Structures are given as C-alpha cells and as structure tokens.
Amino acid sequence: MFDFENKTVLLNSGYEMPILGLGTYALDHETCVNSVMALLENGGRLIDTAYMYGNEEAVGEGVRRGMEEYGIAREEIFVITKIYPSQFGDPEAAIDTALEKLDIGYIDMMLLHHPGTGDVKAYQAMERYVEEGKIRSLGLSNWYREELTEFLPQVSVMPALIQNEIHPYYQEQDVVPFIQEKGIVVQCWYPLGGRGYTAQLLGDETITEIAKAHGVSSAQVILRWDLQRGIVVIPGSSNPEHIRENLDLFGFELTDDEMERIAALDRGEKHDWY
C-alpha cells in the first residue's frame, strides 16, 4: 500500500522507498548530475540508474553534491542500479564496480536488468551482499509471469520490486496484479511512452481532456494514473522544470471513471524489446 502522505511504500525488505523519482537512461555525465541535483532540490529522493546507462558515477556525484548543498541525509535518498546479463558470469565484480562507481556507501536496491544465462547465480551473489549490508533490497527488471514462475523458487530472498515497461498503451493489466499479489512492488519504466512515442501519448485526446479537467499536464495525469494503480514512477528527464512538474502529483486525484477511460487506451503496444 502506498503512503500518499509521505510519498513512500514499505518494501517487503523492510525499507521504505519513495513512490516517484527520476530515471536517468540516456543522460550524459553533466546532464545526469544536474538532473539528480534538480530532483533532490525539489524534494525527490528516488533515482534509477544502471550499468548499461554508463552514468552510475554521475548519479553518485549528483547524490553527494545534493546531500552537501541541500543538507539531505544519505538515508533519505534511494538509489536503484542494475547489473546486465553480460555481467552475470562474474556478479561479484559487477556489484563491486557499481559500489565503487556510485561511491555513496551502499546501494539501496540492485536489480538484474533482464533475464539471461546465469541470472539465478547473479541474484544469489546479490543476496550475499545484502547479508553484508552493502545492498539493502533486491529486485528484477523485465520479468513477467512465466519468468517469475520459473525464477522465484530458485532464490532465497523475495524480490522487493519488479521494474517493467508500463504506460497507457502497454498496461500489463494481468502482470501487475500477479506481481503485487506476491507482495512485490511494481515500478514502471517508459511511463510516458518512451523515446519516439512520448508526443503521441501526451497528445492522446482522452489524456488531454482529463488533464484539462484537473488543470494539470498530460504527463502529470499519466504519472498519477500509475500511482493510483500502485505503480512507482521514474520518468526520465533532463529538464528541471519537467522534473519539478513530475513530482507535483498530489494536488489532484483521478476519478474511477477517469481511471477506466485511461485503462481503455491499452493497446498491448510495447515500445522496447525487453
């Protein structure tokens, strides 16, 4: 259950995680540092990165500078990173590299980026780092019903989070409840449709009508729709104004009818290959 007052959710690992934050995919070093600092300056505390994004060092720099400039305690900030299947053969080295690049003491959550050869072994290595206190929570990215059914019996620590592509044109209406019923939090990447599709989604007539009714942007409507489904949002942005707007989701609430109208937009239209 989301705590909308504190803007957090209690994970099955026992840690609280913010329910909205920033995705850093495709942000270069300087842009990433500035975006992380803009998020922190405006009250955001959740940042998502990955080995494959090539910007873990930038995220770490942004976090450290933000802590210093804005007086934020490390424990208030939640950083997610991921190891890629190409790293599954030596997961310990992958985890150590992530810890070194981020340089923020510990990793709040580490995910396997998507299924691949050796994924169980890599997850089991992450479990050992949890025991050592170097990682606090574990999760998976791009895992669906079939993959989860096969994977979960082979590991000891239940994932705290599954991160998948979810947006109004690809809603995973069967997968989301399947995951949530296991006590696992769902988080969406590409919440606004993804590169090359965002303009179409933000211009969707149904969404723009709802946005106008509430006096908010289309992006805010989509992100609020996710939150009301119990889905954590991490929209990517390098624009400080958009980052502020993406955090401002608590001054309005979508009605049941509006939620149903957005649900009716589902096309099963996936925008990335994961």
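With which residue does Arg128 form a salt bridge? The partner of Arg128 is Glu92, and the closest N and O atoms of this salt bridge are 2.8 Å apart. The structure is a predicted model, in which local features need pLDDT of at least 70 and side-chain atom pairs count only at pLDDT 80 or more, while totals for chains, interfaces and linings use all residues. Residues are numbered from 1 along each chain as its sequence is written, and side-chain values use heavy atoms, with hydrogens and water left out.

**Salt bridges**
- The structure holds ten salt bridges (a side-chain nitrogen of Lys or Arg within 4 Å of a carboxyl oxygen of Asp or Glu).
- Arg74 pairs with Asp108 in a salt bridge whose closest N and O atoms are 2.8 Å apart.
- Arg74 lies in the loop between helix 2 (56–70) and strand 6 (78–83), and Asp108 in strand 7 (residues 107–112), 34 residues apart.
- Helices (H or I, at least four residues) and strands (E, at least two) are DSSP runs, numbered from the N terminus.
- Lys270 forms a salt bridge with Glu165, with the closest N and O atoms 3.3 Å apart.
- This pair links distant parts of the chain: Lys270 is in the segment after helix 11 (256–263) and Glu165 in strand 9 (residues 161–165), 105 residues apart.

**Accessibility**
- Buried means under 20% relative accessible area, exposed over 50%, and partly exposed in between (1.4 Å probe, protein chains only).
- Arg74 is buried at 9%, and Asp108 is buried at 4%.
- Arg128 is partly exposed at 39%, as is Glu92 at 27%.
- Lys270 is partly exposed at 28%, whereas Glu165 is buried at 0%.
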